[in-house]
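Work through the exercises below with the sequence and the coordinates at hand. Each task is followed by a worked solution.

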Amino acid sequence: MKAWFRSGTPWIWLTGGALALSLVMVIGLLSLIAVRGFGHFWPSLVAETVVTNHDTGEQTLVLGEITRTEQVPAAVARDAGQFVPEGIELVERVLFKRGNRDQFGQDFVWHLGLTLDEMSFPPEVLAIERREWGNFYGYPIYLEIDGERIETDDPRFRDLTQAAVDRSLDYRQRIRRIERTDIGRTSRELENIRLEERGMQLRGVTGPDLEEAQERFARQRALLEAEFLELRSELDALYASQRRDLLHMRMSDERELTIGFDNIVRVTSPNDITVLAKIVEYFDRVGEFLTEGPREANTEGGIFPAIFGTVTMVLVMSIMVTPFGVLAAIYLREYAKQGTVTRIIRVSVYNLAGVPSIVFGVFGLGFFVYFLGGNIDQLFYQAALPSPTFGTPGLFWASLTLALLTLPVVIVSTEEGLARIPTTIRQGSLALGATKSETLWKVVVPLATPAMMTGLILAIARAAGEVAPLMLVGVVKLAPTLPIDGEFPFIHLERKIMHLGFHIYDVGFQSPNVEAARPLVYATALTLVLLIIVLNLTAIAIRNRLREKYRSDSD
Amino acid sequence: MTESLSAQESPSKRPESLLPDSKTRAKRRSRRKLRDRISFWGVSAAGFGVVFSLALIFIYLFYEVIPVFKGATLDEQRRFSLPAIEQNQQVERLWLERYQELGVYYTNDAQVRFFEVDTGAIRSEFELNVPEGVSATSFANGEDIGRFVAYGLSDGQIVSARHAYDLSFPDDRRFIQPKMEFPFGEDPIILDEDGQPIQILGVQASTRGTPRMGVAGYTRDERLVMAVLATQTNMMTGAVTVQANRATLPALPSGTNPTSILIDKNLRSVFVADEQGRVHYFDVSNLNSPRLVQTVSVGSPITAMDFLVGSVSIIIGTESGELSQWFLVRDDQNQYTLEKVREFTAHSAAITSLTPEYTRKGFLVGDASGVVGIHYGTSARTLLQKSVQSEPITGIAVSQINQRVLTLSASNEVAAFELWNRHPQISFRALWNKVWYEGRSSPEYIWQSSSASDEFESKFSLIPLTVGTLKAAFFAMLFAMPLGLLGAIYTAYFLTPKLRGVVKPTIEIMEALPTVILGFLAGLWLAPFMENHLPAVFSILVGMPLIMIGVAALWGYVPKGLRNQIPIGWEAVILIPFILFFGWLCVTLSPFVEIAFFDGSMRQWLTDVGITYDQRNAMVVGVAMGFAVIPTIYSIAEDAVFNVPKHLTQGSLALGATAWQTVVGVVLPTASPGLFSAVMIGFGRAIGETMIVLMATGNSPIVNFNIFEGMRTLSANIAVELPETAVGGTHFRILFLAALVLFIVTFIFNTIAEVVRQRLRLRYSSL
């Protein structure tokens with residue numbers, strides 16, 4: 001045994017174990033996110049069972065999705081206020097998502113396994129996704145369309161319900177269009193008039209010019225207000241017709257409730273559909289998640305604005321970081337005298353990659369937002385003051401901060417690429433009489449392009465996952481508008497944006513109903529992880545191809 | 001290219017050169033040269049620009065932090081003699097209003113005059129209601145922010161008043177109209193029922209609950225009398241009646257000559273200073289049985305005494321120029337005693353006037369030699385001592401926004417100064433040493449940057465945050481270092497090349513995993529999981545290495561045929577199922593362990609034995625942040641081990657050493673700088689990590705290394721507090737300081753690591 005220890009075999013196994021453990025954790029983490037993330041969209045069954053109260057013997061019906069089941073020592077359950085008979089040491093408890101938050105107060109509830117009856121999955125149960133108050137689970141009584149009563153045993157019941165949902169969604173879209181586009185435009189024009197007026201005041205315009213302008217403003221205002229009223233009445237009409245269709249439901253506690261279709265996003269009967277239908281439903285939900293905006297303080301609905309914000313920010317960042325990073329790398333590698341100073345600069349630049357990102361955020365907030373942004377406002381947006389335009393966190397500053405943060409990544413990668421190009425190629429070009437700049441731009445840089453691409457992709461991957469600095473310089477939990485739209489100048493650098501990473505933080509930690517938000521956070525995390533892994537794999541693939549290429553070139 | 005080709009061909013075909021003529025060539029040459037220059041300058045400019053902008057980060061952070069350590073400045077604006085003062089009048093008190101336009105002074109004969117500081121003209125005059133045949137014998141004022149004053153009269157009564165300002169904006173310009181208010185009635189109120197003249201007076205208005213006023217007076221026949229007044233408004237008539245609750249305080253030791261009386265805002269304590277340099281502390285919380293609790297000696301005669309804002313701390317100035325801060329400290333028996341908390345830089349002459357700042361724990365003093373001193377309580381800083389006059393300063397006033405100071409000399413000359421005193425709260429000592437804060441029983445390290453109350457004493461000790469940062473990084477490294485380093489050694493030296501090609505990128509890709517995801521999993525999944533499976537966590541920590549070695553031992557007994565089927569370098573793969581099984585086993589058995597050994601709940605058991613347990617604690621952070629750091633350490637360490645020249649290891653093996661002996665004897669010593677730099681960079685990353693600690697700890701700034709409690713780190717603190725601070729304020733700049741500290745620390749760590757790594761590269765190439 002002693003000899004065995006001395007040979008070192010156990011220690012080799014120990015190192016191997018460390019690696020195996022790391023691998024298990026990495027894969028376990030990714031699988032956890034994948035399973036929970038992908039699982040979020042699967043329409044789960046709605047269980048029905050009877051809970052017996054131990055004191056009164058009273059029996060209540062519970063209806064809901066089973067979120068999870070766990071084994072806990074009886075003491076833990078007792079601490080949580082649940083009654084566990086003496087003599088039982090280990091109990092099972094089940095977390096039901098019973099929905100109906102507006103009626104029950106809480107949409108999640110724990111029940112001990114031993115108080116539960118047999119589970120059944122009644123086929124008539126409907127799961128209704130609502131715009132407010134989360135999901136609703138219950139039994140349909142009848143459907144009311146245009147005052148006509150359609151019973152559940154009517155064969156048209158299901159189709160008509162679906163039709164009502166579709167109609168309501170259609171109305172919803174029209175309402176949104178009017179609210180966002182038309183009313184948004186009128187209020188923006190009103191604001192523009194106000195700004196113009198204020199600008200005239202600031203410039204000190206007086207006399208007939210001012211009177212004429214004021215008359216014009218008044219005319220425009222009246223016009224816009226009339227337009228607004230018209231839109232308003234149109235909206236009211238739409239709202240009214242949206243509320244026309246009703247669904248009458250019964251809850252597990254026998255109470256009845258009427259839900260207007262204006263509040264319904266989706267109606268499913270999860271216990272009564274085929275696997276195929278579930279798959280269709282699954283992809284429908286995935287689609288909705290990726291293309292729709294959030295609802296209910298971000299805990300439901302989709303994450304489209306967050307994806308859009310992340311991508312826009314990263315694109316703007318790339319536009320800024322690429323030229324500067326590449327030029328700086330070329331300077332350091334090709335032009336700067338390779339001495340101690342250059343070495344110090346190089347090491348410092350490399351080390352900046354290891355400086356905490358929050359430091360960049362602090363710098364961005366202080367220097368970009370308050371100093372640069374404040375001055376820009378003073379110079380160009382004086383009419384809008386005191387409400388700041390650029391003197392407040394926004395897309396541009398977020399991108400700029402991230403550009404600074406990822407600059408070292410691009411520089412390091414580009415320099416590596418430049419260093420890898422054999423000197424013979426350079427010398428060949430110079431020997432043929434090319435100037436240094438010709439050699440550089442026509443020979444060296446094109447050969448190093450893949451390295452630059454690698455650097456850029458790595459920078460993008462880092463930027464997409466960074467959250468801490470963004471919390472300071474421009475990311476918000478809910479942005480009313482996208483940073484790019486049809487309004488001149490189409491890309492709005494001063495707007496605040498939503499971001500996938502911040503969305504995870506916000507929904508997971510700042511939302512009032514964490515339990516309800518949890519699956520959505522997993523799904524968001526999965527989106528972000530996939531995005532970043534794909535980006536990184538691309539970068540790795542490019543780098544490997546590049547290495548191969550030069551290995552053969554230089555031989 | 002074309003040029004050189006045509007140059008070669010030209011000799012054979014003479015007739016016409018295909019070359020452009022010399023003028024064009026010269027033009028082209030100069031154009032190429034120009035392009036070359038442009039490229040050079042353009043690239044250099046961009047390069048410099050980038051380097052400069054990166055340097056700017058450091059410069060800017062530094063620039064934002066510097067003002068915090070600057071002292072105060074006082075620039076004289078104008079000087080004039082106090083308007084309308086008469087020969088026989090003395091100024092009792094001088095004030096400056098919020099907009100710094102008006103000064104106000106109270107004379108010893110109950111006159112109030114408001115004057116414009118910029119012109120020296122009188123704006124308004126008032127006289128308090130002193131009855132015929134009676135004269136004012138003493139004066140006192142409450143807290144500055146309440147602008148409350150009272151005069152003691154020669155018949156044992158007092159009159160009280162408050163000055164106030166009406167703001168109006170005629171022609172869009174601000175106009176301030178002073179006025180007098182009488183919350184406790186305009187008529188005199190009896191303080192001493194014996195009708196003796198009040199020689200010394202103390203007054204305080206309580207703003208908590210119903211408006212009350214406490215007055216304490218020292219009468220000519222050497223008694224201390226006190227009254228607490230409350231008002232009642234008649235619902236029908238609107239008339240205000242004042243109710244008084246009077247008491248006589250215990251007698252002072254005989255021969256005592258009181259000089260001033262202070263009453264705290266809760267009307268619970270009375271402090272009497274005397275000529276012998278003593279302070280007598282009375283507990284009057286029960287006015288029916290007031291007690292003389294304590295008499296403390298200051299040393300030399302007390303010439304100035306006042307509360308700091310909040311009426312908790314007393315600043316005492318003496319005849320010999322000493323300044324000290326005192327407040328009531330509660331001991332173990334819940335008894336309060338007056339303790340000297342700190343001293344300030346002494347003045348060279350007697351302190352003749354003293355005024356606290358309105359919203360901070362700072363104060364200004366004037367001394368008998370004409371020197372103004374600006375001091376700050378919490379940080380014990382003396383921000384300025386400046387001689388402004390040649391004669392004693394009898395009055396000093398500062399505005400509410402701390403930007404203007406008025407001084408009054410013995411010959412009634414007023415001087416107005418512009419004051420810059422933005423960041424007195426911070427000194428090196430206040431940031432890094434224990435500080436005795438108001439209401440605490442001993443000096444402590446506390447980070448508590450803001451509160452709802454205006455009178456709040458900001459507590460800016462960076463120690464809790466630094467300790468929190470180190471604690472988080474320590475536990476993260478404890479978890480990540482063994483896994484990262486051992487895993488790296490195994491990958492680089494034992495693992496088969498084919499597996500290595502898969503394993504290394506897999507772990508490295510985790511480096512790019514957004515930390516917000518790790519933080520979210522740590523906070524929402526790992527923290528509750530650990531709380532519910534504590535025995536599993538510990539048995540995995542202890543048992544996992546044992547299981548690995550156990551499997552190694554068992555492997556020796558596996559039949560040789562089977563053993564030879566699996567090539568060397570697959571140990572890790574063999575271990576994976578065992579690790580999974582053991583982990584599953586521990587989790588499954590966890591509830592049974594809890595039932596068997598911990599009365600059913602280990603978490604409860606920990607609490608019962610006196611260990612605080614937070615759900616989001618250092619253990620969770622250690623695992624989550626360790627997870628974030630493992631790829632960093634692993635990647636660098638693996639490179640270092642892998643690049644150890646092969647001839648070294650082969651030589652060692654050829655000499656008969658086992659593989660492990662080669663690792664320990666040859667590989668590790670050679671690669672140790674690389675491993676060191678891997679650890680350094682990992683540590684740097686752990687120190688600066690924000691999202692994980694933000695989400696996986698309770699963010700409570702505590703000073704301990706308990707693994708079951710949370711912490712607040714520098715970086716998380718910035719993320720939490722920076723969006724909500726006032727731009728340019730002290731708190732804002734301290735957060736910049738925290739960022740600067742983080743920047744410098746991580747930069748140093750990374751630089752050391754980088755230098756070590758470069759050395760190593762050189763060494764490898766020379767081996």
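The exercises cover a chain interface, a sheet and a pair of domains in a predicted model.

**Exercise 1.** Characterise the side of chain B that touches chain A.

Solution. 
1. Count contacts, taking C-beta atoms placed from the backbone within 7 Å. This gives 89 residues of chain B in contact with 85 residues of chain A.
2. Helix H2 (residues 22–65) of chain B provides the largest share, 17 residues.
3. Sort the side of chain B by class: 58 residues are nonpolar, 22 polar and 9 charged.

**Exercise 2.** Determine the strand order of the 4-stranded sheet in chain A and find what packs on the sheet.

Solution. 
1. Follow the pairing. The order is E1-E2-E3-E4, the pairing is antiparallel and the sheet is open.
2. Find the edges. Strand E1 (47–52) and strand E4 (108–112) of chain A each pair on one side only.
3. Inspect one pair. Strand E3 (residues 90–97) of chain A and E4(A) are joined over 5 bridges, and A:Val94 has A:His111 as its bridge partner in E4(A).
4. Look for the packing element. Helix H9 (residues 571–597) of chain B touches strand E2 (59–73) and E3 of chain A, and its direction makes about 75° with that of E2(A).

**Exercise 3.** Describe how domain 1 of chain A meets domain 3 of chain A.

Solution. 
1. Take the bounds from the domain assignment: domain 1 is 36–138 + 263–291 and domain 3 is 304–554.
2. Compute the separation of the C-alpha centres, which is 44 Å.
3. Count contacts: 10 residues of domain 1 touch 10 residues of domain 3.
4. Classify the domain 1 side: 4 nonpolar, 4 polar and 2 charged residues.

Terms used
Residues are numbered from 1 along each chain as its sequence is written. Chains are lettered from A and ligands numbered from 1 in the order in which they are written. This is a predicted model: local features need pLDDT of at least 70, side-chain atom pairs count only at pLDDT 80 or more; totals for chains, interfaces and linings use all residues. Two residues are in contact if their C-beta atoms, placed from the backbone, lie within 7 Å. Helices (H or I, at least four residues) and strands (E, at least two) are DSSP runs, numbered from the N terminus. Ala, Val, Leu, Ile, Met, Phe, Trp, Tyr, Cys and Pro count as nonpolar, Asp, Glu, Lys and Arg as charged, and the others, Gly among them, as polar. Two strands pair if DSSP finds at least two bridges between them. Axes are lines fitted to C-alpha atoms, for helices over the stretch in contact, and angles run from 0 to 180 degrees between N-to-C directions. Domain bounds come from an automatic or database domain assignment.
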